[in-house]
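Keep the sequence and the 3D view open while reading.

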Amino acid sequence: METQKISRKLLLSELHDYAFIFIGILMCASGWVVFLLPNHIMTGGTPGISSILEWGLGIDVEYSYMAINGILLLIALKILGLRFCVKTIYAVALFSIFIPILRNLVGDRQLLSDQLFMATVVGACFWGCGVGISLAAHGSTGGSDVVAAIVNKYKDISLGHAILITDLLIITSSYLVLRDWEQVIYGYVMLFISTFCVDQVVNMSRRSVQFFIITEKYKEIGEQINNNIHRGCTLIKGQGFYSGHDVHMLFVLARRSESGRIFALINEIDPRAFVSQSAVIGVYGEGFEGFKARLRTKKHE
């Protein structure tokens with residue numbers, strides 16, 4: 001029975017991820033096809049290379065995007081394994097489907113063609129938020145993400161730095177086709193704004209808080225947090241310095257989105273409880289994020 005509950009929970013979690021990847025990829029494709037591509041504003045990754053090939057050689061972006069990602073994914077399957085690639089394949093397939101559909105809907109119209117900066121900002125926001133939603137759902141848009149993951153496996157370079165370097169090289173190379181440094185600068189602006197949006201969306205879903213709750217009804221509050229919020233509590237015994245009385249304090253770590261429910265629960269059980277809430281930089285372990293530490297090995301001569 002317990003195994004069935006776990007399997008159902010995992011299935012719902014996976015369906016949740018795939019649904020949000022769908023939304024994220026739709027936002028990415030909309031920002032690129034509607035605002036960036038028609039106005040010759042560069043992006044990073046595979047879409048950036050596809051843009052250069054279309055502007056320079058007339059190859060439609062949907063074909064080059066699919067071909068480049070197909071090659072990268074075949075390499076990644078061999079190096080990184082199937083587990084990394086499943087959701088990336090799903091995302092790439094969605095992107096490849098959305099591109100021609102959106103291009104047919106947009107037609108020859110160029111939105112904000114006389115306001116390139118606004119087109120850059122709007123397109124970058126769509127792109128960055130879409131990528132952030134996909135990453136928060138444990139997905140990937142392919143392209144430079146795959147290259148960065150492969151580089152990261154063999155070299156001591158962080159994923160963020162690898163993606164940034166790759167995207168900067170792609171955007172800068174667009175000058176060979178566009179012959180306009182102003183357009184290249186718009187590409188840099190797009191990269192900066194989209195990166196900021198990615199960070200905001202990803203961190204928003206992962207922000208955590210900690211509570212110190214001093215109350216005489218610690219058992220009732222602890223049980224309710226365990227059963228209703230599904231978060232663990234640590235009971236800390238202490239003593240009031242001024243009063244000298246023994247006190248019991250609950251230590252709780254939770255998502256920021258769960259704060260309102262915890263406060264409502266405390267207020268319902270013990271309105272006189274003393275509560276301290278603070279934000280934490282990161283929480284790693286069961287129920288939160290996986291450990292980020294990486295083992296480094298040295299070759300001894």
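A pocket is an open set of grid points with protein on both sides within 12 Å along at least five of seven lines, and its lining residues have an atom within 4 Å of a point. The model is predicted.

**The second largest pocket**

The second largest pocket has a volume of about 310 Å³. Its lining consists of I214, T215, E216, K217, Y218, D246, V247, H248, D270, R272, A273 and F274. By type, the lining residues are five nonpolar, two polar and five charged. Which element gives the largest share of this lining? Strand 3 (residues 246-255) does, with three residues.

**Salt bridges**

Side chains of opposite charge can pair when their charged atoms come close. The count of salt bridges comes to three.

| Salt bridge | N to O distance |
|---|---|
| R103 and E54 | 2.9 Å |
| R103 and E62 | 3.5 Å |
| E258 and R231 | 3.0 Å |

R103 forms a salt bridge with E54. R103 lies in helix 4 (residues 82-106) and E54 in helix 2, so this pair ties together parts that are 49 residues apart in sequence. R103 also meets E62 in a salt bridge. Because E62 belongs to helix 3 (residues 61-79) and R103 to helix 4, the pair ties together parts 41 residues apart in sequence.

The remaining entry in the table is the salt bridge of E258 with R231. E258 lies in the loop between strand 3 and helix 11, and R231 in the loop between helix 10 and strand 2, so the pair ties together parts that are 27 residues apart in sequence. Both E258 and R231 are buried.

**Aromatic pairs**

A pair of aromatic rings is described by the distance of the centres and the angle of the planes. The whole structure holds nine aromatic pairs. For F211 and F263, the ring centres are 5.3 Å apart and the planes stand at 75 degrees, so the pair is edge-to-face; the cut-off for that class is over 60 degrees. F211 lies in strand 1 (residues 208-214) and F263 in helix 11 (residues 259-269), so the pair ties together parts that are 52 residues apart in sequence. F211 is buried, with a relative accessible area of 0%, whereas F263 is partly exposed at 35% relative accessibility. Elsewhere, ring pairs link W32, Y65, F95 and W127 into a cluster.

Most residues other than glycine have a negative phi. What is the phi of H40? The value for H40 is near 55 degrees, which is positive. H40 lies in the loop between helix 1 (2-36) and helix 2 (45-57), and H40 is partly exposed, with a relative accessible area of 34%.

H230 is not a glycine either, and has a positive phi of about 60 degrees. H230 is found in the loop between helix 10 (218-229) and strand 2 (233-239). With a relative accessible area of 62%, H230 is exposed.

Technical notes:
Residues are numbered from 1 along each chain as its sequence is written. This is a predicted model: local features need pLDDT of at least 70, side-chain atom pairs count only at pLDDT 80 or more; totals for chains, interfaces and linings use all residues. Side-chain values use heavy atoms; hydrogens and water are left out. On a 1 Å grid over the protein atoms alone, a cavity is a set of points where a 1.4 Å probe fits but cannot get out, and a pocket is an open set with protein on both sides within 12 Å along at least five of seven lines; lining residues have an atom within 4 Å of a point. Grid points are joined across faces, edges and corners, and a volume is the space filled by probe spheres set on the points. Helices (H or I, at least four residues) and strands (E, at least two) are DSSP runs, numbered from the N terminus. Ala, Val, Leu, Ile, Met, Phe, Trp, Tyr, Cys and Pro count as nonpolar, Asp, Glu, Lys and Arg as charged, and the others, Gly among them, as polar. Rings of Phe, Tyr and Trp (its six-membered ring) pair if their centres lie within 6.5 Å; planes under 30 degrees apart count as stacked, over 60 as edge-to-face and the rest as tilted. Buried means under 20% relative accessible area, exposed over 50%, partly exposed in between (1.4 Å probe, protein chains only). A salt bridge is a side-chain nitrogen of Lys or Arg within 4 Å of a carboxyl oxygen of Asp or Glu.
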